[in-house]
Structures are given as structure tokens and as C-alpha cells.
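Here is a short tour for someone opening this structure for the first time. Have a look at the picture, then read on.

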Amino acid sequence: MTDLKPDLPASDVPPVAQAKPNRNAGRRGGRSARGGESARGQGGAAAGPRGLRSHPVLEQLAGWYPQLFGAVFLPLKRGIFQDLQAAHPVELEREALKQAMAIHTRSTRYLTAVASGLPRHDLQGQPVEPMAPEHVHHALLEVFRRRQGRGGEDLLPKLRNRIVQAFEASGLSREAYAELVRGRDEAANALLDEALGEAAARAAKDEALLRTFEASGQTLETFADMYGLVPGTAAQTLERARQRRTGT
């Protein structure tokens, strides 16, 4: 659905012009233990017994940095390639590390972490910089593309809702967000426009509810009961509308 932009700088890993479907998904021996991506043709060892990682360097990294490369993946800071080289100048050969990091950052598990909007982390597992909105958006599209091809369920509504959430979390205006994430894929751009339209409608509805609440002079509990709302949900909606007003 979209061109997959490398999560690490182009100097760190070979650029990915366009992610291709994993034709081996679901076939015996065609999936690695790291996010279900085939390691064949990517410079790594072929997937073998269950639990075997797709590249020996990834095994080393998981042992050294389980908080980043272990059971749970976290988005990596830009320049992590150089940090790893500096931390392990003898143990890590440059080309092997390139191959391993390419496999890691192209995996569905890693892209899912990026799509969640988590910040980037350093080798100590500490968050050091926010994830750029365009990286979140492109990761969402790529994860959707891979999962949509696995079954008959229509995942577009879920994707559209995730785009709305990513847009709202970005703190950007509708125009600024669209300019930042819009690509060359017309279908993806149409979906983006739909999501931004839904976000605008949701924001208008939230604002109308806030104005009604402010004009009512009622407590939150009484107001929620009057309109058949759950107090907790009403409180979240009102707070969301207040934040939009103040731009926070």
C-alpha cells in the first residue's frame, strides 16, 4: 500500500524501496521466529527449528540488550547502528550488523512497535526522542498491508481508526499532518483523507458536548446521567475537547 521508509538512517541499513509480500507466510519453514518474516533472500540464515532467530547477530543483540531485541521490541533511536559499533567494535562485524538490523527493522513486530507511537530508545532502553508522525503513519500502513493479505477480514475500519488516533496524538493541524504523511499511493491518500474527515467530525462532536456541558451548570455526574453517558467516558471526551481548545 505504501513505500516503506527505513526506520533507521539510510547510512545504517540498506534502504527499502518497497516492502514486498511475504509469500512464505504460513508455510512450514517459511517464517522466522522474529515477527513472522522470512529470512531467505535478506542476508540472514533461513528459519529453522522453532525459536531460532533469523540472523546470528540478532541472537547476540537479544542477549546483550533483551529490553530492545528480546521478547518485546522497542523503536530504536536514530544512529543506533553507530552506537552498537562503538559498544562492540570487536564482536560486531559491520556488514553482518547491517544485515541483522535490516531484518530487524523490516520485521512486522518492529513495525508494530513503531506504529504504536512509542518513542525511540537508546541502548540502555531509555526513551530519547519521540517517534516522527510520518514514521508512525507509514508503519501503520505497512503493518496493515501485511495483515490484510493473511485473511479475509476487512481491516480498513481498524486502520482508519488507528490513523485518527495517530493524527490526534501528533498534535498537528489537519493540514500539517496531511502534508507530512501523504505519499504517492492514491488509495492510501484517500484513506488518509477519510480518517482526517472522521477526526474532524469527532472533534466537532466533542466540542459541541463541551459547550453543552459548560452551559448546563450541572455536575459531571448529573450531566452524564441526563444524556445517558457513562461518567468516565464523558469526562474523557470533555477533557479531550478542552485539550484541543488549548492546543495541548
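In helix α6, Pro133, Glu134, His137 and His138 meet Tyr177, Leu180 and Val181 of helix α8, where a contact means heavy atoms within 4.5 Å. Sorted by class, this contact has four nonpolar residues, two polar ones and one charged one. Here Ala, Val, Leu, Ile, Met, Phe, Trp, Tyr, Cys and Pro count as nonpolar, Asp, Glu, Lys and Arg as charged, and the others, Gly among them, as polar. α6 covers residues 133-148 and α8 residues 174-181; their axes come within 9 Å and cross at roughly 65 degrees. Those axes are lines fitted to C-alpha atoms, for helices over the stretch in contact, with angles running from 0 to 180 degrees between N-to-C directions. The crossing of α6 past α8 is right-handed, the near helix being turned clockwise from the far one by less than a right angle.

A word on the model itself: it is predicted, so local features need pLDDT of at least 70 and side-chain atom pairs count only at pLDDT 80 or more, while totals for chains, interfaces and linings use all residues. Residues are numbered from 1 along each chain as its sequence is written, and side-chain values use heavy atoms, with hydrogens and water left out.

Now for the whole protein. It has eleven helices and two strands, counted as DSSP runs numbered from the N terminus (helices are H or I with at least four residues, strands E with at least two). Along the sequence the pattern reads α-α-α-α-α-β-β-α-α-α-α-α-α. Of its 248 residues, 41% count as buried; buried means under 20% relative accessible area, exposed over 50%, and partly exposed in between (1.4 Å probe, protein chains only). Among contacts with a separation of 6 or more, 61% are between residues 24 or more positions apart.

How do the aromatic rings pair up? The whole structure holds three aromatic pairs, with rings of Phe, Tyr and Trp (its six-membered ring) pairing if their centres lie within 6.5 Å; planes under 30 degrees apart count as stacked, over 60 as edge-to-face and the rest as tilted.

Phe213 sits in helix α9 (residues 186-216) and Phe223 in helix α10 (residues 220-226), so their pair ties together parts that are ten residues apart in sequence. Phe213, Phe223 and Tyr227 make up one aromatic cluster. Phe223 counts as buried because its relative accessibility is 0%, whereas Tyr227, at 46%, is partly exposed. Phe213 is buried too.

Leu209 also belongs to α9. Setting aside neighbours within four places in sequence, Leu209 is in contact with Phe223, Leu229, Thr237 and Leu238. The C-alpha atoms of Leu209 and Ala234 are 8.8 Å apart, although 25 residues separate them along the chain.

Which helix holds Leu68? Leu68 lies in α2, residues 66-69, and counts as buried because its relative accessibility is 0%. Not counting residues up to four places away in sequence, Leu68 touches Phe73, Leu74, Leu76, His104, His121, Asp122, Leu123 and Gly125. Its C-alpha atom is 8.6 Å from that of Gln124, which lies 56 residues away along the chain.
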